[in-house]
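Subject: Structure handover

Hi there,

Here is the structure I promised to pass on. Have a look at it first, and then read on for what turned up.

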Amino acid sequence: LFYETLAGCGTCCFWCGAPCECSEPGHMTHSTNYHRPSGVNGCTLKKSNKLSAEICTSLVASGKRFKNKDTKWKWVRIKDYKSVNDYYKSWNITPDTSLKGSAYWKAVFY
């Protein structure tokens with residue numbers, strides 16, 4: 001129980017793999033304050049095939065689209081991620097346009 005309180009529930013973000021920080025047993029909505037670039041989980045940019053350096057909160061604030069096996073390879077607007085399936089819907093990713101986190105990760109990735 002102590003470990004779960006510190007480590008969250010063990011569910012990870014579908015894009016970046018950051019663990020959910022919610023420790024209440026039976027919670028229905030997952031979240032984290034520390035999203036990472038989706039490239040950490042292997043997501044790449046379509047045109048360049050480089051790892052994505054944008055963090056989830058910046059992506060959700062953008063007008064960009066994504067596709068993967070979960071979307072059955074159909075394009076979905078990133079801000080509409082909750083429409084993909086129940087697992088995506090269970091995550092609350094707050095849009096952030098500050099780009100502070102992205103600037104750090106772009107320096108690391110590139």
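Let me begin with T32, which sits in the loop between α1 (2-7) and α2. Please keep in mind that this is a predicted model. T32 has a relative accessible area of 10%, and because buried means under 20%, the residue counts as buried. What does its side chain reach? The side chain of T32 makes a polar contact of 3.1 Å with that of E21, and it also reaches the backbone nitrogen of Y34 at 3.1 Å. Leaving aside residues up to four places away in sequence, T32 touches A18, P19, E21 and W91.

W91 brings us to the core. The largest nonpolar core has 17 residues, and W91 is among those with the most contacts inside it, together with C13, F14, W15, F66, Y81 and I93. Which helix gives the most to this core? That is helix α2 (residues 56-61), with 3 residues.

S90 lies in the loop between α3 (86-89) and α4 (100-109). Is S90 buried or exposed? With a relative accessible area of 13%, S90 is under the 20% cut-off and therefore buried. Its contacts, again without residues up to four places away in sequence, are M28, T29 and H30.

Next, the largest pocket. About 720 Å³ of space lies in it. The lining is made of 26 residues, and C43, T44, L45, R65 and F66 are the ones nearest the centre of the pocket. F66 is also named among the core residues with the most contacts.

Finally, two backbone details. Most residues other than glycine have a negative phi. N49 is not a glycine, yet it has a positive phi of about 65 degrees. N49 is in the loop between α1 and α2, and at 57% relative accessibility it counts as exposed because the cut-off is over 50%. K72 also has a positive phi without being a glycine, with a value near 55 degrees. K72 belongs to the loop between β1 (65-66) and β2 (76-77), and it is exposed, with a relative accessible area of 66%.

Best wishes

Key
Residues numbered from 1 in each chain as written. Predicted model: local features only at pLDDT ≥ 70, side-chain atom pairs only at ≥ 80, totals over all residues. Heavy atoms only, no water. Core = buried A, V, L, I, M, F, W, Y, C linked by side-chain atoms within 4.5 Å. Buried < 20%, exposed > 50% of the residue type's maximum accessible area, 1.4 Å probe, protein only. Helix = DSSP H or I, 4+ residues; strand = E, 2+ residues; numbered from the N terminus. Polar contact = N/O pair within 3.5 Å; in protein donor to acceptor, adjacent residues only side chain to side chain. Contact = heavy atoms within 4.5 Å. 1 Å grid on protein atoms, 1.4 Å probe; cavity = no way out; pocket = protein on both sides within 12 Å on 5 of 7 lines; lining within 4 Å. Points joined across faces, edges and corners; volume = space filled by probe spheres on them.
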